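Here are a few notes to read alongside the model as you get to know it. Please keep the viewer open and follow the points in order.

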Amino acid sequence: MKNKLTVYNSKARKKEIFEPIHEGRVGMYVCGPTVYSEVHLGNVRTFVSFDIIYRYLLHLGYKVRYVRNITDVGHLTDGGEDKVSARAKLEQLEPMELVQKYSNMFHEMMAIFNTKSPSVEPRATGHLIEQIEMVKDILDNGFAYEQNGSVYFDTLKFNDKYKSYGQLSGRKIDELFSETRDDLKNQDEKHHPSDFAIWMKASDEHIMKWNSPWSVGFPGWHLECSVMSTKYLGKTFDIHGGGNDLKFPHHENEIAQNIGCTGVEPAKYWLHSNMLLMNGKKMSKSDGNTISPYELFTGDSPHVSKGYSPMVVKFFMLQSHYRSTMDLTDQALQAAEKGYSKLMEAAKALDKMQHPGNGNETENNKKLLTTIDNIISDMNDDFNTPKALAGVFELVNFINKLKDGHLKYSDITNEAFEKLKETFNQFVFDIFGLKDEVGSQEDGLFDGMAELLITIRNEARAKKDWATSDLIRDKLLEIGVQLKDGKDGTSWSRI
Ligand code: AMP
Ligand code: ZN
């Protein structure tokens, strides 16, 4: 019996049956990257996790609007400087030039990992008007106050009315001493340390600033996500996601802003992915415990013995549940490399296999159908990719046994075989989003060789060396490649 999709809702702190607000449609918002530097492998893990969630929702037949923003303003360093403009000064670029550079690199990396593009990818600087409008609404509702040109969210007043500030992250308002990253310089302007800026007056040296009713300034980091999620998905939408380091203060403050503005909770389900570790420690730049995706691909890092391809890294990511930490080690990557190639070999073998028809409902047939059902149940259980992947490997065993003759086609029905083929391909390629790197490399090699032989044959023909020209044509035909001489030169096709 297949179960329904359940998701772990961080806000409710339990698994809940997934029921979208509008039948058949899902609105999902995921906090995107701050584009001030190269994307690191931890970011990749989070976006790959949500890509698989997106792909699975599509697979279940939902019409999904997936919004993932680009943060290009308002995310401040601990010293209170905008991350984008600080880096732009360093690289001697106009801030938007820097944003473009790192957005392009981010998109390249997402393509390398074969993730799908979101439906909408809004930028914070493209939504200044809406952010100013939201600040006005929150002020009108009495949940914010202005101080010297900056506007602060009034957490105490909000909590008096809704009693919910701190609920997502499990923090009590009295214990909250400002951990906010946005405005350490301006603590004295706040009524309470847990208040946070939704609009900030800019100093003279601050580059990225805009006109507003309160000052020439810039929006607080948390505000952009409240604005862009509700602009594209409505006041209340289905899923809000991000890494679990964003629970506080970012998501906690988003919820407060949304309720302070509209009176309703923004998201029905809050999904948080866990952190990437390396050799058991949090991947972090400050203690050198970091590796960039490119260093991992080339092997140019003391942390790995060799390079690993993007799909091997992705396979490795699938082996941990998105809510568990994931520990990157050279040993684990070596195992993932073996697993990935075993999976691709099985995919190729399955592609060539055909059931002769009929077949019996044996114990093996029953086992195969149960395995398929379990894979679906595991994925329905809060997107449990490690368990679903283990199930897919049970299918690999079936495939290999059929190939070697250890399992007879007559022992499984034609229908079960087709189900095996469909489930295997759907999970490996459509849901997990893996692709056959080895196969495509071999295809590239094949294309290159065929072109090379055509060039050699053309040179032979120019010299009227018909013997060589015919030899190449005939030998290629023998291995299933047909050459055609036409007006525009010679083309080839597989027969
Ligand atoms: P940022 O670019 O810092 O705004 O982060 C973009 C996304 O990556 C957020 O959802 C973060 O939670 C996530 N993230 C940051 N560091 C890690 C890490 N070490 N492991 C997993 N996700 C991370
Ligand atoms: Zn966000």
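**Notes on the pockets, the metal site and the overall build**

1. Helix α3 makes the biggest contribution to the lining of the second largest cavity, giving 3 residues. That lining consists of Glu38, Val39, Met105, Glu108, Met109 and Tyr294, which divide into 4 nonpolar, no polar and 2 charged residues. The volume of the second largest cavity is about 50 Å³. A cavity here is a set of points, on a 1 Å grid over the protein atoms alone, where a 1.4 Å probe fits but cannot get out, and lining residues have an atom within 4 Å of a point.

2. A word on the ground rules. This is a predicted model, in which local features need pLDDT of at least 70 and side-chain atom pairs count only at pLDDT 80 or more, while totals for chains, interfaces and linings use all residues. Residues are numbered from 1 along each chain as its sequence is written, chains are lettered from A and ligands numbered from 1 in the order in which they are written, and side-chain values use heavy atoms, leaving out hydrogens and water.

3. The largest cavity has a volume of about 110 Å³, and the structure holds 5 cavities of 30 Å³ or more. A volume is the space filled by probe spheres set on the grid points, which are joined across faces, edges and corners. Helix α1 supplies 5 residues, the largest share of the lining of the largest cavity. Residues from both domain 1 (20–273) and domain 2 (278–437) line the largest cavity, so it lies between them. Such bounds come from an automatic or database domain assignment.

4. Now look at the largest pocket, of about 940 Å³. A pocket is an open set of points with protein on both sides within 12 Å along at least five of seven lines. Its lining counts 37 residues, with Tyr36, His40, Asn43, Lys83 and Asp245 nearest the centre. By class there are 15 nonpolar, 16 polar and 6 charged residues; Ala, Val, Leu, Ile, Met, Phe, Trp, Tyr, Cys and Pro count as nonpolar, Asp, Glu, Lys and Arg as charged, and the others, Gly among them, as polar. Domain 1 (20–273) and domain 2 (278–437) each give at least three residues to the lining of the largest pocket.

5. Which protein residues hold the zinc ion (ligand 2) as donors? They are Cys31 (SG), Cys225 (SG) and His250 (NE2), at 2.0 to 2.2 Å from the zinc ion. Donors are N, O and S atoms within 2.8 Å of the metal (3.2 Å for Na, K and Ca), and sites may look incomplete because water is not among the atoms. Cysteine 225 sits in helix α6 (residues 221–233) and histidine 250 in helix α7 (residues 247–262), so the pair ties together parts 25 residues apart in sequence. Both cysteine 225 and histidine 250 are buried, meaning under 20% relative accessible area, with exposed over 50% and partly exposed in between (1.4 Å probe, protein chains only).

6. Finally, the whole chain. The protein has 15 helices and 15 strands; helices (H or I, at least four residues) and strands (E, at least two) are DSSP runs, numbered from the N terminus. Of its 495 residues, 52% count as buried. The C-alpha trace spans about 90 × 65 × 45 Å along its principal axes.
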